[in-house]
Amino acid sequence: MNAFVDPVGARLPRLEAREKVVGTAQYLDDHVRPGMLYAAVAQSPHAHARIRGYDVSKAKALPGVKAVVTGADIPVRRVGGMLKDETMLAVGKVRYVGEPVAAVAARDLATARLAAQLIEVDYEPLPTVLSIEDALKPDAPLLHEELASYVRTMDGNSHGNVVWESTLAEGDVDAAWSRCDVIVEGTYRTPAQYHAYMEPNGAIAEVDGNGRITVLATCQSVHHIQTRVADELGIPMSQVRAQVSRVGGGFGGKHASNIHSIAAWLARATGKPVKLALSRTQDMEIQRSRHPALIRLRTGALRDGTVIAREATITLDGGAYADESPNVLAFAMLMIRGPYNIPNVRIRGSAVYTNKLRAGSFRGFGNPQATFAGESQMDELADKLGIDPVELRLHNAMRPGDRWIGGHTATTCQLVACLEKVREAREAAPALPPPKPGRKRGSAVVAVTHISGLMGTSASVHMRGDGTFALNTGCVDIGQGSDTTMTQLCASLLKVPVERIVYGTQDSDLSPYNWKTAGSRSTYMTGRAVVAATEIVRDKILEHAAAMFECATADLELRPGGRVGVVGVPGKEVGFKDVALRSLFRSGGPIVGFHGFVFDGERFDPKRALIERLAFDNLGVYTFGAQCVEVEVDTLTGRVEVLRVWSAHDVGKAINPASVEGQIQGGIVQGLGYALYEQLIWDDDGRLSNPSFADYKVPGILDAPATIVPIVLEDPDPTGPFGAKGVGEISLVGIAPAIANAVCAATGGRLRQIPMTPERVLDALEAS
Amino acid sequence: MADTLSYELRINGEVLSVASPATATLLDVLRYQLGMTGSKRGCNQGVCGACTVLLDGVPVRGCLTLAANVGERAVTTVEGMSQGGTLSRVQQALLDAGAIQCGFCTPGVVVTLEAFLRDHPKPSADEVRHALSGNLCRCSGYVKIVEAAVIAAGAAP
């Protein structure tokens, strides 16, 4: 028998990798049900219009059509996050092109789509609001006339087209400016990035004999789907069961949306299973994007490089519905000071409604926008001070024990080491052949941070009769590898190979509660629950064994492979199977461990910071990092090529180093797309101009640098599972400013707007 | 509705009878008639590569290939890549290299690399990158996929 290898820290292949490479993994559209109907949605052709009426007679008359539902058929039950402003189908008004106004279930997809086209809606077009500036004009058309009446979980000072307004401040920024030797300011703009998970979104809903609904979704949380469907249908959560298929990527875009309730409604109307699988174009038109941002930023420093003041005004374009705008805004505000000890900071933030696709959560959650502005400006400041940009960052960098804005302590913080590591790696890298004529090279380093502790989660561990285990959590693996990571934690504590543990698929009837796969929180939050639940099971195993050996538990130890032995007596041991059988049939009952908790870190310190209407009050556990990119700019065409990237992160403990590296590498290329290519574009009528992969550029392999070097620093967090912190989002966060700074280092051209298209690069070169 | 055609397809060594509309793509037939859902629909316009299958050993887009035009050509899908439960060298290398994340692009990557390595037994990493230029992956940053291809090339076929 091979020696036992501790699963924690091992580069284990994904537990589900085999089914993925042979093609048997079942994603949403791979599932069928007996008698299943197919759904299609009718979408608004207008960005803003009043709905005068519907004529569904032609659609209903089409052979094979089983149900038609419009906004006139549904009770008005507004749902959403902090501000509940959205209905399953448009009611009374449409607010963006593509918005679902009606839905059809039919015996096949072609019939359903044809029927959706036959639905006639009488619209009265209204003036549109398509930009942040337009939304804030005094006489701007209002998207939500009834905004004041909407239910909200806290006051966000919503008014006009303003979804939410918040303020966050520390120190006295007004007094600080006069002490600054150097001040830089600028306006930064970022686009609507589309998640482009490779699997389009979808749902299958079915109804049992008692009318209870089951929704199978490709999603980031079955508990979130369950809540949203129950809210939209106006039924108790006990009447909705949510399950998850394999998920072909999420990135924040597969939280609950209107599609789950539409499928559920049609299933109830027909009594049949109904599949609503979006085409790529529909997915782009009716799901979510990253928030476009307009950020005005000002930073001031003393001659020696000590940054003493930063002031920001962040405005997010939230699109037609609030969704997670208040939260994304709060997080952008929390991140824009950056990982620097700046004593005087004031941040004003707002999110506005426009007649476009709703913006929502997307890997980074406001942080990429904030960091694009903040880290671009750090290089502008370094230039004006005549200080090396890395030295400027090192001079101001947070160290262990320093505070984030709001007062949270950075218990572990290897920012300085991360900055030094990427600089060293860049200097040690082999020299490249010189660039061709007309091309210029440059590199730059940025500092980044993200959190991993927030909201609630739980886990259970059940010992089976043969001494194997079932591990259950509500944490959905959307490709990041949490199934494997959670199993590794459990297996390590029980000293068994991962094959002896099954990690259950999420089902709202069975899985312990978890908020969502979001916020880089799975390893840190659900991982902690897994560790605690496993420790309960381990202790019960020891108690049984102690009774069997008639000794104290302190005299016992777990031995690799599923045995309990008496310390110092090699032959004296009992197998897990015997312990399990004792618990099931003789004494004590089944061995089960459960642990649940809500994030329990420090709260904001109201004596330190002014915090008004901030949509988060309980989050933390900071992962730090530094990212270095090397670019080559074609000064004739304006094309930017990223040659090499080094990215260092203090992850606490890499539970699965291969997964950590995969997260870092993948985030970097998604960040590269954000920096250079990706943007949803709306025309003057509010119509999305590029809702397809042919017209929306997702980075391919030849756009990605061949050299992406993850540098993993392990400095265990005292609260993390085996010391681990999150790493899911941080690697995307700094790439856009790193590339912008590297382009500036290469050419002198400063870009304050992404994506850095060739046109914008040439404009910046001309202006430099 | 379009006229229905009846024809045969040679898929992974089996001859299968199919009746489909003339407009049905090979991807439609594989996924929705034959229940072979390994080939994925990511964009349905030939960009993402998740539907890549082989026709007589040549990678093609399942979503851009009319099923009724396939004729006598042998279709190989991801389901045909592992023999008797044994993973192919490409599949094994993707698994070992940690190149699997969400997995939705993986079938297209497997099929593309199988054909490429058959024709280019000892490729450079740069040649691998060009071979995969038609396969989008949103999770991995492509690094470990290239590493896997190099590992697979080093393994016995």
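Axes here are lines fitted to C-alpha atoms, for helices over the stretch in contact, and the angles between their N-to-C directions run from 0 to 180 degrees. With that in hand, welcome to a predicted model in which 40 residues of chain B are in contact with 45 residues of chain A.

**A helix pair in chain A**

- Helix α9 (residues 325-335) and helix α10 (residues 367-385) of chain A have axes that come within 8 Å and cross at roughly 30 degrees.
- That angle makes α9(A) roughly parallel to α10(A), because angles under 35 degrees count as roughly parallel.
- The crossing of α9(A) past α10(A) is right-handed.
- On the α9(A) side, the contact is made by A:Phe331, A:Ala332 and A:Met335, while α10(A) brings A:Asn367, A:Gln369, A:Ala370 and A:Thr371.
- Sorted by class, the residues of this contact between α9(A) and α10(A) are four nonpolar and three polar, with no charged residues.

**A four-stranded sheet in chain A**

- Four strands of chain A form an open sheet in the order β18-β27-β28-β29, and the pairing is mixed.
- At the edges sit β18 (439-454) and β29 (707-713) of chain A, each of which pairs on one side only.
- Neighbouring strands of this sheet are turned by 15 degrees against each other on average, direction ignored.
- β18(A) and β27(A) pair in the antiparallel sense over 15 bridges.
- Strand β27 (residues 619-634) of chain A is also antiparallel to strand β28 (residues 640-650) of chain A, and that pair has nine bridges.
- Although β18(A) is an edge strand, 12 of its 16 residues are buried, so β18(A) is largely enclosed by the rest of the structure.

**Where chain B touches chain A**

- The elements of chain B that give two or more residues to the side touching chain A are α2 (89-96), α3 (106-119), α4 (125-131) and α5 (143-154).
- Of these, α2(B) gives the most, with four residues.
- The side of chain B that touches chain A has 20 nonpolar, 14 polar and six charged residues.
- Leaving aside residues up to four places away in sequence, A:Val21 touches B:Leu87, B:Gln91, B:Leu94, B:Leu95, B:Ile100, B:Thr106 and B:Val110.
- A:Val21 has 31 other C-beta atoms within 10 Å and is therefore buried, the cut-off being 20 or more.

**How α2 and α3 of chain B meet**

- The axes of α2(B) and α3(B) come within 9 Å and cross at roughly 125 degrees, and the two helices are therefore oblique to each other.
- α2(B) passes α3(B) in a right-handed crossing.
- From α2(B), B:Val90, B:Gln91 and B:Leu94 meet B:Thr106, B:Val110, B:Leu113, B:Glu114 and B:Leu117 of α3(B).
- This contact of α2(B) with α3(B) has five nonpolar residues, two polar and one charged.
- Among the residues of this contact, B:Gln91, B:Leu94, B:Thr106 and B:Val110 are also touched by A:Val21.

**Backbone details worth a look**

- For orientation, most residues other than glycine have a negative phi, and most peptide bonds are trans.
- A:Phe365, in the loop between β17 (344-352) and α10 of chain A, has a positive phi near 55 degrees.
- A:Phe365 is buried, with 27 other C-beta atoms within 10 Å.
- B:Tyr142 has a positive phi too, near 70 degrees, and B:Tyr142 is placed in the loop between α4 and α5 of chain B.
- With 29 C-beta neighbours inside 10 Å, B:Tyr142 counts as buried.
- The peptide bond from A:Ile754 to A:Pro755 is cis, with omega near 0 degrees.
- A:Pro755 belongs to the loop between α18 (735-747) and α19 (758-767) of chain A.

Methods
Residues are numbered from 1 along each chain as its sequence is written. Chains are lettered from A and ligands numbered from 1 in the order in which they are written. This is a predicted model: local features need pLDDT of at least 70, side-chain atom pairs count only at pLDDT 80 or more; totals for chains, interfaces and linings use all residues. Two strands pair if DSSP finds at least two bridges between them. Angles under 35 degrees count as roughly parallel, over 145 as roughly antiparallel, 65 to 115 as roughly perpendicular and the rest as oblique. A crossing is left-handed if the near helix is turned anticlockwise from the far one by less than a right angle, and right-handed if clockwise. Two residues are in contact if their C-beta atoms, placed from the backbone, lie within 7 Å. Ala, Val, Leu, Ile, Met, Phe, Trp, Tyr, Cys and Pro count as nonpolar, Asp, Glu, Lys and Arg as charged, and the others, Gly among them, as polar.
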